[in-house]
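Subject: Structure for you to look at

Hello,

Here is the structure I promised to pass on. Please open it beside this email, and my notes follow below.

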Amino acid sequence: MVWLAVAMATDLLIEVENQPGSLAKVAAAISDAGVNIAAATCTRPGEMAAMHILVKHAEAAKHALSTAAVTVTSEREVVVIDVEDRPGVLADMARKVAEAGINVDLLYVATNNRIVFGSADLGGLRKALGVA
C-alpha cells in the first residue's frame with residue numbers, strides 16, 4: 001500500500017473557553033484572513049477546550065487569531081496523508097508506525113480523506129509511512 005503525503009501543514013493548538021461562540025470566533029478569525037481550515041478537532045470537555053486546527057498558512061492564521069485575542073498555545077508540523085476511504089486503511093498505517101517503534105501523539109481525520117499524524121519523531125514517522 002502506498003500513501004501520498006500532502007503539502008506541508010501545521011497543526012495549531014488553541015485553548016479556548018468552552019462556551020458558545022468560541023468555535024465561531026476562531027473559525028471567523030482564520031477565514032477572515034483568507035486561510036482555509038483543512039481539518040479541526042476539539043477535545044477536553046470542561047471549562048477549557050483544546051482545539052486542533054490544520055492550516056497551510058500558519059503565520060497568517062496566527063496573526064488573525066492574535067488580532068481576535070485568541071492565543072495559539074503551540075504549533076507543530078504534522079504529516080498529512082491522502083488515503084483511500086475504506087476499512088482497514090488506518091489500521092494498516094498504524095501497524096507500519098508501530099513496527100517502526102514510533103509513538104503517535106496526535107491523530108485526526110481531515111477533509112478529502114486525509115489522516116493527520118503527529119509525533120515527537122516526525123522524521124521517523126515520515127519514514128515509517130513511506131513519505132518524504
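First, a term for what follows: helix axes are lines fitted to C-alpha atoms over the stretch in contact, and the angles run from 0 to 180 degrees between N-to-C directions. Please keep in mind that this is a predicted model.

Helices 3 and 4

Helix 3 covers residues 89-99, and helix 4 covers residues 122-129. They pack at an angle of about 125°. Their axes are 9 Å apart. Angles over 145 count as roughly antiparallel and 65 to 115 as roughly perpendicular, with the rest between these ranges oblique. That makes helix 3 oblique to helix 4. The crossing of the two is right-handed. Helix 3 brings Met93, Lys96 and Val97 to the contact. Helix 4 brings Leu125, Ala128 and Leu129. By class, this contact has 5 nonpolar residues, no polar ones and 1 charged.

Helices 1 and 2

Helix 2 is made of residues 58-67. The axes of helix 1 and helix 2 come within 8 Å and cross at roughly 130°. Helix 1 and helix 2 are therefore oblique to each other. Helix 1 passes helix 2 in a right-handed crossing. On helix 1, the contact uses Val26, Ala29 and Ile30. On helix 2, it uses Ala61, Ala64 and Leu65. The classes here are 6 nonpolar, no polar and no charged residues.

The largest pocket

How much space lies in the largest pocket? About 190 Å³. Which elements each supply at least two residues of its lining? Strand 2 (9-17) and helix 1 (22-32) do. The lining includes Glu15, Val16 and Glu17, along with Lys25 and Val26. Met48, Ala69, Val70 and Thr71 are also among the lining residues. By class, the lining divides into 5 nonpolar, 4 polar and 3 charged residues.

Best wishes

How values were computed
Residues numbered from 1 in each chain as written. Predicted model: local features only at pLDDT ≥ 70, side-chain atom pairs only at ≥ 80, totals over all residues. Heavy atoms only, no water. 1 Å grid on protein atoms, 1.4 Å probe; cavity = no way out; pocket = protein on both sides within 12 Å on 5 of 7 lines; lining within 4 Å. Points joined across faces, edges and corners; volume = space filled by probe spheres on them. Helix = DSSP H or I, 4+ residues; strand = E, 2+ residues; numbered from the N terminus. Nonpolar A, V, L, I, M, F, W, Y, C, P; charged D, E, K, R; others polar. Parallel < 35°, antiparallel > 145°, perpendicular 65-115°, else oblique. Left-handed = near helix turned anticlockwise from the far one by under 90°. Contact = heavy atoms within 4.5 Å.
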